[in-house]
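Q: Could we read this structure together, starting from the strands and moving on to the cores and the charged pairs?

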Amino acid sequence: MSTVGTQIPGSVEVRPVDTDPQPNTSFLQLAMTALRLTTSAAAAANVTKNSSISDRNNNTVRHRKQYTLDEVSYHDTFGDCWIVLYDRVYDISNFLQVHPGGHDVLMEHAGRDATIAFTGHSQAAIASLQLYEIGELPPHECIYRCIGKLSATIMPD
């Protein structure tokens, strides 16, 4: 007994599968449009996250999303861990389990500025920070990257 093309009481109608080897062109057009929109939206989000332009001297200037210290403080759990280093914000949630010093060291500074604790790390550690960078502090909360003031000499770019 086949239920294909019949109405089963209390359920939805079951219809036979379209066995046409040529897919519907309008469906393909719709799928391609969706793919283009998804790709362009992802590219736009990437540009917005950390876009870069050139200034008057042809130096590359990156524009980063700004997070306040208050916003960072909400991300202080093992599954959602942000820290601030040299006025930049880093999402280190995925790094906690692979940190050579253990996750406890990082969790002590979760949701806060960890610059002092980070001082003394290797150049390799400093270079790896860019993998986790998600933004920066607003200018009125900056301590290390202040225009017109002294700044630390060993800071990640």
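A: Two strands count as paired if DSSP finds at least two bridges between them, and the elements themselves are DSSP runs, numbered from the N terminus, with helices (H or I) of at least four residues and strands (E) of at least two. This is a predicted model, in which local features need pLDDT of at least 70 and side-chain atom pairs count only at pLDDT 80 or more, while totals for chains, interfaces and linings use all residues. Residues are numbered from 1 along each chain as its sequence is written, and side-chain values use heavy atoms, with hydrogens and water left out.

Q: Which residue stands opposite Asp80 in E4, and in what sense do E3 and E4 pair?
A: In general, strands of a sheet pair through backbone hydrogen bonds, either parallel or antiparallel. Here Thr77 is opposite Asp80 of E4, and Asp76 is opposite Cys81 of E4.

Q: How many bridges join E4 to E5?
A: There are 4 bridges between E4 and strand E5 (residues 88–91), and these strands run antiparallel; Trp82 has Asp91 in E5 as its bridge partner. E4 and E5 also form a hairpin with 2 residues between them, where Tyr86 in the turn has a positive phi of about 50°.

Q: What is the order of the strands in the open sheet, and which strands stand at the edges?
A: The open sheet has 4 strands in the order E3-E4-E5-E6, with antiparallel pairing. E3 and strand E6 (133–136) are at the edges and each has a single partner strand, so one side of each is left without a neighbour in the sheet.

Q: How many of the residues of strand E4 are buried?
A: Buried means under 20% relative accessible area, exposed means over 50%, and partly exposed lies in between (1.4 Å probe, protein chains only). In strand E4 (residues 80–85), 5 of the 6 residues are buried, so the strand is largely enclosed by the rest of the structure.

Q: Which residues touch the most other members of the largest nonpolar core?
A: In soluble globular proteins, nonpolar side chains tend to be buried together. A nonpolar core is a set of buried Ala, Val, Leu, Ile, Met, Phe, Trp, Tyr and Cys residues joined through side-chain atoms within 4.5 Å. In the largest one, which has 16 residues, Ile83, Leu85, Tyr90, Ile92 and Phe118 touch the most other members. E4 and helix H5 (123–128) each supply at least two residues of this core, and its largest share, 3 residues, comes from E4. Apart from it lies another core, of 9 residues, including Tyr67, Trp82, Cys142 and Cys146.

Q: How many salt bridges does a search of the whole structure find?
A: Side chains of opposite charge can pair when their charged atoms come close. With a salt bridge defined as a side-chain nitrogen of Lys or Arg within 4 Å of a carboxyl oxygen of Asp or Glu, the search of the whole structure finds 2. In one of them, Glu133 pairs with Arg64, their closest N and O atoms being 2.3 Å apart; this pair links distant parts of the chain, with Glu133 in strand E6 and Arg64 in strand E2 (residues 60–64), 69 residues apart. Glu133 is buried, with a relative accessible area of 5%, and Arg64 is buried at 12%.
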